[in-house]
Amino acid sequence: MTVRNIDELIDTDDPAWPELAGKISDSAIPVEVLPATPARARDALYRLQVTARSVLGGLVLNTGGLVVDHGWLRILGGGHGDLPDVATMNRMADPEPGRESPGALVVAVDVLGGMFAINGGALPGNPGGICYFGPDTLAWQPLGGGHSSFVDWVLRGGLEDFYADLRWDGWAAETENLPPDQGLAIYPPLWSAEGRGDIAATSRRGCPLPELTAQHLDTAGQMAEPPR
């Protein structure tokens, strides 16, 4: 890859943010735009090496992230407090010539620790498409469409049907009070029969999102290991 400086990434005649901001204002569901810290956002954009013309670049440069649907989903942007920016979430250092694109780029995390990622070749489905890692399945599944289509789908209310089997009565009151960087650790876990059987009866506590996602990935890795 050719490394572009931050001015090259920002300066564009067709930035994505104005149109995206309009879609956020007209969203079918509640959306909180977390404020961006300019220096932090610019650093994240530089490490990602995407331009402000893309929806991903627009989110990183202009927001600290989006808290969507009563706190159920965090669409990552330029970082806010302990909520990581996209580059930090994916452990991306400063770019170097020849650096390969990541095999998966996590761009959103739900309150259960599920993740949405752009497929860079390491996940099922077509490269460039969005995949979802579910806390109930502990597996990645392709959803179709790229990042901009994913954001449009979320803002149009697509989460309601998608999460119909993973929500409980009163979920909104529970999730909207969580800090942006926290999700819910659930016991029994959702991948177990006990957890899926009655989510309302599970024990739920606040947990930092990076810790929660790491737990799910670690469990998935352990369950995939062949018996000895």
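Thr88, Met89, Asn90, Arg91, Val106, Met115, Trp140, Pro210, Thr213, Ala214 and Leu217 line the largest pocket. The model is a predicted one, in which local features need pLDDT of at least 70 and side-chain atom pairs count only at pLDDT 80 or more, while totals for chains, interfaces and linings use all residues. Residues are numbered from 1 along each chain as its sequence is written, and side-chain values use heavy atoms, with hydrogens and water left out. Helix α4 is largely enclosed by the rest of the structure, because seven of its eight residues are buried.

**Largest pocket**

- The volume of the largest pocket is about 310 Å³. A volume here is the space filled by probe spheres set on grid points, which are joined across faces, edges and corners.
- On a 1 Å grid over the protein atoms alone, a pocket is an open set of points with protein on both sides within 12 Å along at least five of seven lines, whereas a cavity is a set where a 1.4 Å probe fits but cannot get out; lining residues have an atom within 4 Å of a point.
- α5 (86–89) and α10 (209–224) each supply at least two residues of the lining. Helices (H or I, at least four residues) and strands (E, at least two) are DSSP runs, numbered from the N terminus.
- α10 gives the most to the lining of this pocket, with four residues.
- Seven nonpolar, three polar and one charged residues make up the lining. Ala, Val, Leu, Ile, Met, Phe, Trp, Tyr, Cys and Pro count as nonpolar, Asp, Glu, Lys and Arg as charged, and the others, Gly among them, as polar.

- Two packed helices are described by the angle between their axes and the distance between the axes. The axes are lines fitted to C-alpha atoms, for helices over the stretch in contact, and the angles run from 0 to 180 degrees between N-to-C directions.
- The buried residues of α4 are Val55, Leu56, Gly57, Gly58, Leu59, Val60 and Leu61. Buried means under 20% relative accessible area, exposed over 50%, and partly exposed in between (1.4 Å probe, protein chains only).
- Helix α4 (residues 55–62) packs against helix α6 (residues 147–155) at an angle of about 65°, with the axes 8 Å apart. That makes α4 roughly perpendicular to α6. Angles of 65 to 115 degrees count as roughly perpendicular, under 35 as roughly parallel, over 145 as roughly antiparallel and the rest as oblique.
- In this contact, α4 contributes Val55, Leu56 and Leu59, and α6 contributes His147, Ser148 and Val151. Contact means heavy atoms within 4.5 Å. By class, the residues of the contact of α4 with α6 are four nonpolar, two polar and no charged.
- The axes of helix α3 (residues 38–48) and α4 cross at roughly 150° and come within 7 Å. α3 and α4 are therefore roughly antiparallel to each other.
- On the α3 side, Ala41, Arg42, Ala44, Leu45 and Leu48 meet Gly57, Val60 and Leu61 of α4. The residues of the contact of α3 with α4 comprise six nonpolar, one polar and one charged.

- His147 lies in helix α6 and is buried, with a relative accessible area of 9%. Leaving aside neighbours within four places in sequence, His147 is in contact with Val55, Leu56, Leu59, Val107, Ile118 and Ile130.
- Leu48, in helix α3, counts as buried at 8% relative accessibility.
- Apart from neighbours within four places in sequence, Leu48 is in contact with Val60, Val86, Ala87, Met92, Arg99 and Leu105.
- Leu48 and Ala172 are 124 residues apart in sequence, and their C-alpha atoms are 33 Å apart in space.

**Loops and backbone geometry**

- Tyr187 and Pro188 are joined by a cis peptide bond, with omega about -5°. Pro188 lies in the loop between β8 (182–187) and α9.
- Asp69 has a phi near 55°, a positive value in a residue other than glycine. Asp69 sits in the loop between β2 (65–68) and β3 (73–76) and is buried, with a relative accessible area of 7%.
- Leu138 has a phi near 55°, again a positive value in a residue other than glycine. Leu138 is found in the loop between β6 (130–133) and β7 (140–142) and is buried, with a relative accessible area of 11%.
- Ala201, in the loop between α9 (193–197) and β9 (203–208), counts as exposed at 58% relative accessibility.
- The C-alpha atoms of Ala201 and Ser54 are separated by 42 Å, and the two residues are 147 residues apart along the chain.
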